[in-house]
Amino acid sequence: METVLLYALGVLILLVGLMLSIGLHEVGHLVPAKKFGVKVGQYMIGFGPTLWSKRFGETEYGVKAIPLGGYISMAGMFPPAKPGGRARTASTGFFDTVMQEADAPARRGSTMIAEAREASLDGLEDGHHRAFYKLATWKRIIIMLGGPAMNLLLAILFFGIVYSGFGVPQVSTTVGSVSACVLPITSERQECLDTDPAAPGAAAGLLPGDEIVEVDGVAVADWTEATEIIRAHPDQTISFVVLRDSAETELSVTPILTERYTFDDAGEVVLDASGDPVLEPVGFVGISPAYERVTEPVTAVIPAVWDRAVAVGEVIITLPGRLYELAVSTFSGTERDPNGPVGIVGVGRIAGEIASLDTIPVVDRAAGMIELLGGLNLALFLFNLIPLMPLDGGHVAGAIVESIRRGFAKLFGRPDPGPVDTAKLIPVTLTITTVLALMSVFLIFADIVNPVSIL
């Protein structure tokens, strides 16, 4: 029962953290929009039916039923077709675009664009001076990048808490576990049998919790140093000095000769001409290290976030191929790539498993939850930078194209071409929005049928 409650708590923490991240993303749009005088009609967290809303001034603030997105509704994101024409309200959320357009499946081409232009905005009857499209290019870019920037700041904050607060798990010089027997490296069996030789570490009396001080008379500062000495002395008795119960204890250990895979500089297993792994003879004791959390300086946070961003970016760039692989594994019943795309259900499952994993300390579970939220915000940051409408990056790309076009017109003495007619992109926007929605539905399906698990 306790495990179930902890699992539910983990899912709840994730949902609250996700809604907070979405809400702050939209605040990143809202604050500069109001600062620059744009009329904002709505600020909503979620999409679908409205659960609660309240109007403060000219803006309605509320929460909707499905907490998988959010938006602010800004006046005049689509420019008029001609001077004096009417602009259209649009939002910063692609789920909201689906809901707005879902009631008009028959709209196509010019009809859809015309209807979009004809939609009038509250508060713009006396002119378009508060319309989004009227702003200078740099102001529109600031507004649209405000949301992703907020997610980036949250990612830095969450990873900063983990790295500089909880610390990062690192291999220590403390013995974490001691094998009872020696199994061949190619063995698929995990249990010891009576016929298996005893592991030298257990035979010598090494215990979990022993802190290794010296190996063969050499003081060791990290686990790698101890491992290198052990591997270099197969079938030779060497001394171990360990710190046990605050006192130093000396033990004699004789590593046995065994084989291990050979790795190259990139950490990959070396293969021979026939494609089989290359094995090398080494000494083996049968101990593994314990991990301890080591706090990192604040200066290490940004490089860590950058490394994570590169990894997430690679997933986004290769998303079509990864979705195909996910479809194959989902419908064929094969194992799913744990490093592939994961939907909100899958992330919730991971959060629940982290919270209910009673084999690790509470501090590790808390750090895992915070790190998960950091990764989510990093994904939101990068995904929203994709230069496609209706994502934030699409609006930024439109503003940049408009600025370049006006710059060339000024350079060659031509009339100002005016704002980019983003209303013409409505059919493309709807298509992309539909694809994104279908992708989200498929990921939810895959998370249920072929879930990713950390257990």
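**The second largest pocket**

Modeller: The second largest pocket holds about 600 Å³ of space (probe spheres set on grid points joined across faces, edges and corners). A pocket here is an open set of points on a 1 Å grid over the protein atoms alone, where a 1.4 Å probe fits, with protein on both sides within 12 Å along at least five of seven lines; lining residues have an atom within 4 Å of a point. The model is predicted: local features need pLDDT of at least 70 and side-chain atom pairs 80 or more, while totals for chains, interfaces and linings use all residues. Residues are numbered from 1 along each chain, and side-chain values use heavy atoms, without hydrogens or water.

Of the 25 lining residues, Ser179, Phe284, Val285, Gly286 and Ile287 lie nearest the pocket's centre. At least two lining residues come from each of β4 (168–178), α6 (223–231), β9 (256–261), β10 (279–284) and β11 (287–294) (DSSP runs numbered from the N terminus: helices H or I, at least four residues; strands E, at least two). Helix α6 gives the most, 5 residues. The lining has 15 nonpolar, 7 polar and 3 charged residues (Ala, Val, Leu, Ile, Met, Phe, Trp, Tyr, Cys and Pro are nonpolar; Asp, Glu, Lys and Arg charged; the others, Gly among them, polar).

As for helix packing, the axes of α4 (residues 137–166) and α7 (residues 301–317) come within 9 Å and cross at roughly 120° (lines fitted to C-alpha atoms over the stretch in contact; angles from 0 to 180 degrees between N-to-C directions). The contact (heavy atoms within 4.5 Å) involves residues including Phe159 and Tyr163 of α4 and Val305 and Arg308 of α7. Its residues divide into 9 nonpolar, 2 polar and 1 charged.
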